[in-house]
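Please look through the sequence and the structure shown below before reading on. The briefing that follows takes up a few places in turn, grouped by topic.

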Amino acid sequence: MSHEPAIDLSPDVHDEVKYTTCYMCACRCGIKVHLKDGLVRYIEGNKDHPINKGVLCGKGSSGIMQHYSPARLKKPLKRVGPRGEAKFEEIEWDEAMAIATDWLGTIRATDPKKLAFFTGRDQSQSLTGWWAAQYGTPNFAAHGGFCSVNMAAAGLYTIGGSFWEFGEPDWDRAKYFMIFGVAEDHDSNPIKTGMGKLKARGSKVVSVNPVRTGYSAIADEWVGIRPGTDGLFVMALIHELLHADKVDIDYLVRYTNLPWLVIQDPGKADHGLFARDKDGNPLAFDNKAKKLVNARLPEVVPAIVGEVRLKDGRKAVPAFQILAERYMDPQYSPDAVAATCGVKAADIRRIAAELAEVAFEQTIELDIEWTDWAGRKHDKVIGRPVAMHAMRGISAHTNGFHTCRAIHTLQVLLGSVEVPGGFRFKPPFPKPIPPGQKPAGKTYAPNTPLGGLPLGFTTGPEDLLLEADGTPVRIDKAYSWEAPIASHGLMHMVITNAWKGDPYPIDTLVMYMANMSWNSTMNTKGVMEMLTDKDPATGEYKIPRIIYSDAYFSEMVAYADLILPDTTYLERWDCISLLDRPICEADGPADAIRQPVVEPDRDVRGFQSVLLDLGARLKLPGMTNSDGTPKYPGGYADYIVNHERTPGIGPLAGFRGKDGEKFGRGEPNPNQLDEYIKNGAFWHHHLEPSQKYYKFANKDYLDFAVHMGFIGHADQIVMQIYSEPMQKFRLAAEGHGPNQPPEHMRERLKAAFDPLPIWYMPYEEELVDTSTYPMHALTQRPMIMYHSWGSQNAWLRQILGRNKLYISTVKARELGIDDGDWVRVTSHNGSIKVQVKTMEGVNPDTVWTWNAIGKRSGSWNLAPDAPEAKKGFLLNHLISELLPPRDGRRYSNSDPITGQAAWFDLRVRVEKCEPGEEVSEPQFPTINLPVGLDPAPTVNRFNAGGKTRKGVR
Ligand code: SF4
């Protein structure tokens, strides 16, 4: 009888469990981290957490290997060799902070805008933006400008919020779900679980995306649209709905500005603006009283069509009439747009009919009593169970702002915003439209705070940040005529502009978690050259100083002069704040913390604490007491608990007040973090049923929102389908008003700043020869990776260690390309060599690949010949941050309204390569491993190498 070794079927997996928040993507799920012998041993979803309700994805589970990555930086570094070679010496924190204080103190005392402070995917923008304001530089933004600002801004300027952090489909009641331009990214676990609910109930899922991966792969219908044409497709749906009289007029009258009268006086300074009474209230024509009235009064029965005479004799029409005339025009018919969109006219008609049928024949009625903003009681909420979601695939085009507005317009016409079964806002949204905060930076001065936050919402040319000579105040040209509504800045332009000295040279670039010499930049090779380029007159780098903070040896590290090593997400305090990018549910606000579940085993510090320390050393007002001592000596945790943005409102909304019994508003609670930890590292408030729907017009909700500090007053938030701020910029372009754009920009502004959604050809497609570059090229986010963080993770690399270029089988055959061939892909900006994979589920005019898999040889402590470096590739080399010349000028490759980086406008040609070495191109010299990092083990698995060095590999 053989004796098998005993198997322990219930091993102790932990001796301690700590609650915190995942950071393996932007979704911010609650997690339980199991620790054994002081090591992170296992990560589990927190089933009580409002975001993920226990669900943990592959990325989240693999956080262990992120935490123990051999690419972790260990100590502050000072550059000792040429930029780009990663030659550093290790220094102590005192020296690092003294260097940073010296550099930044000198700039602050002379010209604070010469500090450009830009962060990547950090989740502490409420702190970093406030820090920039206290320092006094207008040059701050996070990565939103190159991610999805079109989505965010379009929503905030139209309905008071948008998708993802702003709102969510009613997963429990929606019967028809349209998802646009989403592979598998932002809001990851909630969408997966939500789509699971839809599929289980048999709701129809329609995915509009040139590529059938991720969510598209499980959709009931895939619309393989041609990139950059989604707006036109949506306008054709609107065309069909209007012609079929399938729009919710009652809803439009109650909740939107479509009945408001628009002045019709072409050529005059107020043409296209709303007609207003002497108090500034918009006017409507009351069909009952037969007269002009304040459109915001509750009992008005407004006309939605028909020309009226204003008191001064001029004509005006309701905005709805302008909308109807526009989209009922034959140019938006399915037949007219089908070829451009690559979608059959019959399919567009059918989808429009399906939307109408679900919205108007499958209505949901819930017996919920609620009170509207005017105090009127209602005993029901009516749901139109069509829900929508859109993200970066829609945003990242030069026509993306209008496309996002078109999607919101479609939702509103169906009456499906903020109703059961539709799209529902997550507090603190909806906000007033647009939110009241203007960008600060019109004035700036040495040793002086900015007087407001650097990012905000312009409502007309008077809000732009321009010098007296009309040049942009900001280094990225946000809030200039190049990007008037640049609510998140233009991070993709910072290095190029700073290198060119356009609009001015800077002194120091501070970046955090932004891999700007590789996968987070356009024109990667060009940017690397700019980072190392010197002024021949002085011998100095054109961007003289670069300070960079990151937890890992990313490609960007090699290009910095001073490295401030960050902790991993399991070693830090953090807050997921309502002041920042919230994680709420439609049914109630929530926020959360990260706590250090393990202490760092390296000489690293959380960047947020470093920033507060730096602020105190620089004597920044908000970070220094009157006696000159630091205001937050306990670092970020101290700030999270004790900082008040306005009296009673701080980074965390839960457990406020001295004894922790208040929420929203209340004095700081010294035990707040302990209370969060006891509660599973989050706080969640559940709205009353009477507060849950029509939040923009619901008295109980609006009062609650005022109490919480979400909004300043409880007035109805009227959805702005017709956008007056857009018309104000257009009027300026037509020559009206004191704030005038440069002559060469007038036509572009006139065309782009339409008060209703429009579609125009993406700029790159318009400017290149499309017979030379006949195809579109895109990236998609893989389900198992979050940018370059994930593609260095030992577990996740096993799932996807290299990328290929995907092309439709039909197109490959046409081009004489076989599966596995190597091809050359060329754009107006460059050329790459890559291996192809053929597939069925892709628009035939489109090639695509996974985002951020390719790595530079030697970076991230991967082997120099790692598949990511030798076989993988970046599409970024092909994408230019500048458009091809137009009239001798090169504008940024951005949406002309928001400055959103137009990653997905890329046009290419694909040609089969001659057989040769099977290595992707371009290749760059291998980056040296910085001093202090040990070479990664050959086999990098959990605890594989034992404790040959501090930590586990
Ligand atoms: S979805 Fe994102 S935040 Fe949630 S577990 Fe996965 S990686 Fe973590």
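Pro-428 has its place in the loop between strand S22 (423-425) and helix H15 (494-500), where helices (H or I, at least four residues) and strands (E, at least two) are DSSP runs numbered from the N terminus. The model is a predicted one, in which local features need pLDDT of at least 70 and side-chain atom pairs count only at pLDDT 80 or more, while totals for chains, interfaces and linings use all residues. Residues are numbered from 1 along each chain as its sequence is written, and side-chain values use heavy atoms, with hydrogens and water left out.

**Backbone features**

- Most residues other than glycine have a negative phi, and most peptide bonds are trans.
- The peptide bond that runs from Pro-427 to Pro-428 is cis, with omega near 10°.
- Glu-921 and Pro-922 are also joined by a cis peptide bond, with omega about 5°, and Pro-922 is found in the segment after strand S34 (907-912).
- Lys-290, in the loop between strand S13 (283-286) and strand S14 (291-294), has a positive phi near 55°, and at 58% relative accessibility it counts as exposed (buried means under 20% relative accessible area, exposed over 50%, and partly exposed in between, with a 1.4 Å probe and protein chains only).
- Asn-447, which lies in the loop between S22 and H15, has a positive phi near 50° although it is a residue other than glycine, and with a relative accessible area of 46% Asn-447 is partly exposed.

**Buried places**

- Ser-487 is placed in the loop between S22 and H15, and its relative accessibility of 3% makes it count as buried.
- Not counting residues up to four places away in sequence, Ser-487 touches Val-149, Ala-153, Tyr-157, Leu-455, Gly-456, Phe-457 and Tyr-479, where contact means heavy atoms within 4.5 Å.
- Gly-801, in the loop between helix H25 (794-799) and strand S30 (805-808), is buried with a relative accessible area of 17%.
- Leaving aside neighbours within four places in sequence, Gly-801 is in contact with Ile-853, Pro-867 and Glu-868.
- In helix H16 (residues 524-532), the buried residues are Thr-524, Gly-526, Val-527, Met-528, Met-530 and Leu-531, and these pack against helix H15 and strand S24 (545-550).

**Two helices in contact**

- Helix H3 (residues 93-110) and helix H17 (residues 607-617) pack at an angle of about 55°, with their axes 10 Å apart; the axes are lines fitted to C-alpha atoms, for helices over the stretch in contact, and angles run from 0 to 180 degrees between N-to-C directions.
- That angle makes H3 oblique to H17, since angles under 35 degrees count as roughly parallel, over 145 as roughly antiparallel, 65 to 115 as roughly perpendicular and the rest as oblique.
- Trp-93, Asp-94, Met-97, Ala-98, Ala-100, Thr-101 and Leu-104 in H3 meet Val-610, Asp-613, Leu-614 and Arg-617 in H17.
- By class, this contact of H3 with H17 has 7 nonpolar, 1 polar and 3 charged residues (Ala, Val, Leu, Ile, Met, Phe, Trp, Tyr, Cys and Pro count as nonpolar, Asp, Glu, Lys and Arg as charged, and the others, Gly among them, as polar).
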